[in-house]
Amino acid sequence: MGNLLTYSGLTTKVRAMESRFLSDQQLEELASLSSVGEALDFLRSQPAYGEVLSGADSTIHRSDLEKLLLLSRYRDFEKLYRFSGPEPRKFLNLYFSNFEISLLKRCLRGIAQPENGFVGLSAFQEFFSRHSRLNVEQLAAASSVPELTAALKGTSYYALFSRLEEGENVSLFDYEMQLDLLHFKREWKIKDKFTSKDEQKTLTQCFGSQLDMLNIQWIYRSKKYYHLEPADIYTLLIPVSYRLKQGEITRLAETGSLDEFFSVLAGTYYGSQARADLRTSPDLEALYEQVMNRVYSMTARKHPYSAAILNSYFYFKNLEIHRLITAIECIRYGIEPGEILSYIIKDNKGGNGK
């Protein structure tokens, strides 16, 4: 799959960067630490995070920690982008909207929760100026949604924000959900235009599985937290079905209880991938991680000289950052190591391979 000459050097580069991912043993060591200061010292000793965390101390706020760890992800993107030829860059340009969506969500949360302090995007400005039409300085200065909408004029997000601004009782959840929908529709549509047929098949497997799992999560959340009727649930779903059949989506949306929801889910393809019976041990986070770890690991292993290797790298990088933020926040609040591990390692098989 793919082109050996196009991807051979890049694949070697990715493998070298993957070697810096933390192993399960290192995550266990992190979870056993007793203070945020110790956790930061531990991460500074790791090649992937030493530089970005060099100025951090034990008083660091969660949002600032997240910002620094995300900066390491952006720097990884820059390294791979500079190392890539024209074909891999087509995929990286497609992938880049992930970063834009994350940035816009950060801005929205800063506006919705001003008590958490200034959103602070200056660390990202240089990176976005090279790859995006978003004006980070204007976005950071926006103190209201209308100001944020105005700052998006001339970008592909302006129409979406303008439409939502005209609605009534539009919440932060609505903005984030619509951004996700826009991103996934774009990703699903564009993936077939820039890659070979084999790569299309691989990306379809990755994106399709993720879209199915997100629809499952949104149905679950709609029932558990919002008690929505099926007709309202359907409006929230991504209009893509991969291994989750339309009939199964209907049955999930129309279940009368969460027990019934997990009983129906257990009978789907994704239910068959669970390591525990969903009817007795329902855990969507664990299921999501099990399914996606397996898909991204398998596609990168089967097709190493293709965009699959880049796709897999950023999936596991994002997963590691999420784990590190969770672990440090748990340490901050004095949670026991065993419980921390249950939060950050949902899947001990099919992970990053370390």
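Modeller: Let us begin with the word contact, which means heavy atoms within 4.5 Å. The model is a predicted one. By that rule, Ile216 touches Leu244, Leu252, Phe261, Leu265, Tyr270 and Leu284, residues up to four places away in sequence not being counted.

Biologist: Why is Ile216 called buried?

Modeller: Buried means under 20% relative accessible area. Ile216 has 0% relative accessibility, and therefore counts as buried. This residue is found in helix H12, which covers residues 197-224.

Biologist: What makes H12 and H17 roughly antiparallel to each other?

Modeller: The axes of H12 and helix H17 (residues 284-302) cross at roughly 175° and come within 10 Å. Angles over 145 degrees count as roughly antiparallel, so H12 and H17 are described in that way. Among the residues that make the contact are Ile216 and Met213 of H12 and Leu284 and Leu287 of H17. The residues of this contact divide into 12 nonpolar, six polar and no charged.

Biologist: Why is Thr326 called buried?

Modeller: The relative accessible area of Thr326 is 17%. The limit for buried is under 20%, so Thr326 is buried. Thr326 has its place in helix H18 (residues 307-332), and is in contact with Tyr343 and Ile344, leaving aside neighbours within four places in sequence.

Biologist: How do you know that Arg109 forms a salt bridge with Glu176?

Modeller: A salt bridge requires a side-chain nitrogen of Lys or Arg within 4 Å of a carboxyl oxygen of Asp or Glu. For Arg109 and Glu176, the closest N and O atoms are 2.6 Å apart. Arg109 lies in helix H6 (residues 97-112) and Glu176 in helix H11 (residues 172-190), so the pair ties together parts that are 67 residues apart in sequence. Glu176 counts as buried at 15% relative accessibility, whereas Arg109, at 36%, counts as partly exposed.

Biologist: What separates Glu329 and Arg332 in helix H18?

Modeller: Glu329 and Arg332 are three residues apart in helix H18, and are therefore separated by about one helical turn. Their side chains meet in a salt bridge, with 2.9 Å from N to O.

Biologist: Why is Glu51 called exposed?

Modeller: Exposed means over 50% relative accessible area. Glu51 has 60% relative accessibility and so counts as exposed. The side chain of Glu51 meets that of Arg75 in a salt bridge of 3.4 Å, N to O.

Key: Residues are numbered from 1 along each chain as its sequence is written. This is a predicted model: local features need pLDDT of at least 70, side-chain atom pairs count only at pLDDT 80 or more; totals for chains, interfaces and linings use all residues. Side-chain values use heavy atoms; hydrogens and water are left out. Helices (H or I, at least four residues) and strands (E, at least two) are DSSP runs, numbered from the N terminus. Buried means under 20% relative accessible area, exposed over 50%, partly exposed in between (1.4 Å probe, protein chains only). Axes are lines fitted to C-alpha atoms, for helices over the stretch in contact, and angles run from 0 to 180 degrees between N-to-C directions. Angles under 35 degrees count as roughly parallel, over 145 as roughly antiparallel, 65 to 115 as roughly perpendicular and the rest as oblique. Ala, Val, Leu, Ile, Met, Phe, Trp, Tyr, Cys and Pro count as nonpolar, Asp, Glu, Lys and Arg as charged, and the others, Gly among them, as polar.
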